[in-house]
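Here is a short briefing for someone meeting this structure for the first time. Please look over the sequence and the model before reading on.

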Amino acid sequence: MAQGLASGVAVRGAQALRPQSEAVIAQMAQAPEPAQAAAMDQMIAALISAEVWGRLDALFVMAAGDEQAAGVNWAQPLVGGLSPINSPVFTPWSGYEGDGATSFLETGFLQGSGLYQAADHHAGVWAVAGQSVGCAFGNSRNRIHPRNSSGQVTTRSNCTTNRQVGIPSGLGHTMMSRRTTDSYLVLKDGALLSEPVEAITAVAAQRLILHGYAASGTEGALSSWRLAAAHFGAGLTAEQGAALHSALGRYLAEVGSWG
């Protein structure tokens with residue numbers, strides 16, 4: 001499938017972009033083609049309608065035309081962005097891939113400093129390539145491993161215990177969401193996969209990174225998944241998780257990175 005979007009679709013004038021979309025585009029050094037801008041606006045509109053947009057600390061859409069645009073935080077475009085550490089490989093319109101040894105992405109967020117709180121949080125990653133068994137998001141108490149060596153998705157939702165469930169592939173959209181102190185949801189490609197019963201622990205004010213997990217100034221379980229997108233923030237319902245998956249999936253299909 002050809003990657004990137006064709007130009008020539010009117011997005012201003014009678015089809016003016018939403019202010020949220022304009023704010024994201026303003027932080028991109030190279031303005032997107034009109035069709036891409038329209039797809040961005042459609043995705044943001046869907047997230048606003050599903051009451052997801054206001055619950056995001058971060059939405060990194062790494063399936064972009066260049067590295068600068070891939071690092072912009074759509075949810076908070078004026079609050080920094082991704083910082084590549086030790087040269088993860090960027091593929092235009094596909095995303096960032098770690099090396100499984102030293103490279104990862106800093107998000108600039110500490111758990112507890114934004115909407116991502118102890119008993120009210122969600123996180124998700126969309127892997128489009130790679131066969132890694134390492135971690136794709138997190139810190140010592142919050143982790144998403146899309147698929148481990150035993151064929152299981154592994155999560156931690158502000159706890160110290162891994163919860164696992166069998167999965168045929170680590171590719172696609174893997175997400176967890178907690179809205180109570182005693183259990184959380186695990187979703188795969190927008191569908192509820194499991195509901196682990198696991199109580200929260202006290203918040204550890206640690207970094208939240210991609211392509212691994214951060215703990216006390218170090219990084220562990222670094223991975224080589226190629227991530228087209230990642231997001232985190234306050235807790236979402238299963239229905240909101242499905243809506244987020246649908247909106248993000250539509251965009252990734254439009255730019256040729258998935259589907």
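This is a predicted model: local features need pLDDT of at least 70, side-chain atom pairs count only at pLDDT 80 or more; totals for chains, interfaces and linings use all residues.

Strand β6 spans residues 121-129, and strand β17 spans residues 226-233. The two are joined by 7 bridges and run antiparallel.

**Strand β6**

- How many of the residues of strand β6 are buried? The count is 9 of the 9, so β6 is largely enclosed by the rest of the structure.
- Strand β6 pairs with strand β11, which covers residues 172-178. The sense is antiparallel, and the pairing runs over 7 bridges.
- Within this pairing, Ala123 stands opposite Met176 in β11.
- Strand β6 also pairs with β17, again in the antiparallel sense and with 7 bridges.
- Gly124 faces His231 of β17 across that pairing. Ala129 stands opposite Arg226 in β17.
- In a regular strand, side chains alternate between the two faces of the sheet.

**Strand β17**

- Strand β17 is buried along its length: 8 of the 8 residues are buried, so the strand is largely enclosed by the rest of the structure.
- Strand β1, residues 56-61, pairs with β17 over 5 bridges in the antiparallel sense. Here Leu59 stands opposite His231.
- Tyr96 stands opposite Leu227 in β17.

**Aromatic rings**

- The model has 7 aromatic pairs.
- One of them is Trp126 with Trp258. The ring centres lie 6.0 Å apart, and the planes make an angle of 80°. That makes the pair edge-to-face, because angles over 60 degrees count as such.
- This pair links distant parts of the chain. Trp126 belongs to strand β6, while Trp258 lies in the segment after α4, 132 residues away.
- Are the two Trp residues buried or exposed? Trp126 has 1% relative accessibility and counts as buried. Trp258 is partly exposed, with a relative accessible area of 28%.
- A further pair joins Phe137 and Phe232. Their ring centres are 5.7 Å apart and their planes stand at 40°, so the pair is tilted.
- Phe137 and Phe232 also link distant parts of the chain. Phe137 is in strand β7, residues 137-139, and Phe232 is in β17, 95 residues apart.
- Phe137 and Phe232 are both buried.
- Which residues do ring pairs link into a cluster? They are Phe109, Tyr116, Phe137 and Phe232.
- A charge also meets a ring in this model: the charged end of Arg143 sits over the ring of Tyr213, 3.6 Å from the ring centre.

**The cavity**

- Rolling a probe the size of a water molecule over the atoms shows where empty space is left.
- A search of the whole structure finds 1 cavity of 30 Å³ or more. The volume of the largest cavity is about 30 Å³.
- The lining consists of Ala39, Gln42, Met43, Ala247, Arg250, Tyr251 and Glu254.
- Two elements give two or more residues to this lining: α2 (34-49) and α4 (238-254). The largest share, 4 residues, comes from α4.
- By class, the lining holds 4 nonpolar, 1 polar and 2 charged residues.

**Two loop residues with positive phi**

- Asn86 is not a glycine, but has a positive phi of about 60°. Asn86 is found in the loop between β2 (83-85) and β3 (89-91).
- Asn86 is partly exposed, with a relative accessible area of 46%.
- Ser216 is not a glycine either, and has a positive phi of about 50°. The loop between β15 (213-215) and β16 (218-220) holds Ser216.
- With a relative accessible area of 68%, Ser216 is exposed.

Technical notes: Residues are numbered from 1 along each chain as its sequence is written. Side-chain values use heavy atoms; hydrogens and water are left out. On a 1 Å grid over the protein atoms alone, a cavity is a set of points where a 1.4 Å probe fits but cannot get out, and a pocket is an open set with protein on both sides within 12 Å along at least five of seven lines; lining residues have an atom within 4 Å of a point. Grid points are joined across faces, edges and corners, and a volume is the space filled by probe spheres set on the points. Ala, Val, Leu, Ile, Met, Phe, Trp, Tyr, Cys and Pro count as nonpolar, Asp, Glu, Lys and Arg as charged, and the others, Gly among them, as polar. Buried means under 20% relative accessible area, exposed over 50%, partly exposed in between (1.4 Å probe, protein chains only). Two strands pair if DSSP finds at least two bridges between them. Rings of Phe, Tyr and Trp (its six-membered ring) pair if their centres lie within 6.5 Å; planes under 30 degrees apart count as stacked, over 60 as edge-to-face and the rest as tilted. A charge sits over a ring if NZ of Lys or CZ of Arg is within 6 Å of the ring centre and within 35 degrees of the ring normal.
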